[in-house]
Amino acid sequence: MTEPVCASAPGTEPAADPAPADSRDMYAVHAMLRRELAGLPEYVMNVGAGDGPHAEIVAEHIDFVTRVLHVHHEGEDLLVWPKLADRAPADAAPVLAAMQADHAEIDRGLSVLTDAAASWRANPDAARREAVVDALVELTPAVDSHLAAEETDALVLIDTYLSAPEWGEVGMHGIAHLSPEQYPLFFGMLLHDLEPDLYKVLEASLPPDLFADLAVSGPQEYARHRRRLARAA
C-alpha cells in the first residue's frame, strides 16, 4: 500500500521507463484479510444476546473489514484488470474473467453479511447473531479461494504488464477510502504477525517518517482494538 505523494517538482520529469510493478504487498493484504475474516465468527458468538454495546463494537469491526475488502477489489476492478486485458496475451483472458467473476460473487456475499450485521446491530438477539455467523461461514471460503487463485495466477501478470507507478495507484485508491484516524488500525492489522520480508516491502512503500509512526501507533491501536472485540460478554 502506498501513501499519496506530491506531484513532481517543477523541472523534473517522470522516468521514461518506469520500474515494473512489485505486487508482493498483496501477500500482506491477503494475510490480513484471511486472518480478520477467520476471526470474526468467534467474536460474534462471544456477544451475549441483548448485549448491544458489545454487538456495536463487533458489528463496527465487520463493517471495517468488509469495507477494506470491497475497496481492495474495487481498486483492482478499476485499475488492474482493464490494463491487463489490454496488454496481456489472449491466453490470460480466462484468468481475468475468473478474477472478475470472483469479485461479483464476493460482493454478493458481502451484501448479505453487511445486511445481517446491520440487523443484528439494531437488535442483537440470538437469531440475528446466528444469521451473521451463517453469512460469514458462506463468505469466507469464497474469499479464501479467490485470494489463493489471485496469488497463483494474477500476480505474475501484474508484475509483468503493470508499472510500479500504476501499481502504486491501486494502493492510493485504498488509502483514499480511509480517514486519517483509521490509518493506525488499518496498518496495525496489516503489520500484525507479518513475515519479515513482507514487512520490508511495506516499509519501502511508504515515506520513512510515516512508516516509523505507523509501525508504532498501528500495532498499539490494533492490540487495543482486539481487546475490545474479545472482551467477555
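Predicted model: local features only at pLDDT ≥ 70, side-chain atom pairs only at ≥ 80, totals over all residues.
Of the contacts in the protein with a separation of 6 or more, 84% are between residues 24 or more positions apart, where a contact means heavy atoms within 4.5 Å. Residues are numbered from 1 along each chain as its sequence is written, and side-chain values use heavy atoms, with hydrogens and water left out.

### Overall picture

The protein has nine helices and zero strands, giving the pattern α-α-α-α-α-α-α-α-α along the sequence. Helices (H or I, at least four residues) and strands (E, at least two) are DSSP runs, numbered from the N terminus. The C-alpha trace spans about 60 × 40 × 30 Å along its principal axes.

Of the 233 residues, 44% are buried. Here buried means under 20% relative accessible area, exposed over 50%, and partly exposed in between (1.4 Å probe, protein chains only).

Confidence (pLDDT, the predictor's confidence in each residue, from 0 to 100) averages 92, and 92% of the residues score at least 70. Over residues 1-15, though, pLDDT is below 50, and this stretch has 25 contacts in the model beyond near neighbours in sequence.

### Helix 7 and what follows

How many residues of helix 7 are buried? Eight of its nine, so to say mostly covered. The buried ones are Tyr183, Leu185, Phe186, Phe187, Gly188, Met189, Leu190 and Leu191. What covers them includes the helices in this table, along with helix 8.

| Covering helix | Residues |
|---|---|
| Helix 1 | 25-45 |
| Helix 2 | 52-79 |
| Helix 6 | 164-176 |
| Helix 9 | 208-230 |

After helix 7 comes aspartate 193, found in the loop between helix 7 (183-191) and helix 8 (196-205). Its phi is positive, about 55 degrees, although aspartate 193 is not a glycine. Most residues other than glycine have a negative phi. Is aspartate 193 buried or exposed? Aspartate 193 counts as exposed because its relative accessibility is 68%.
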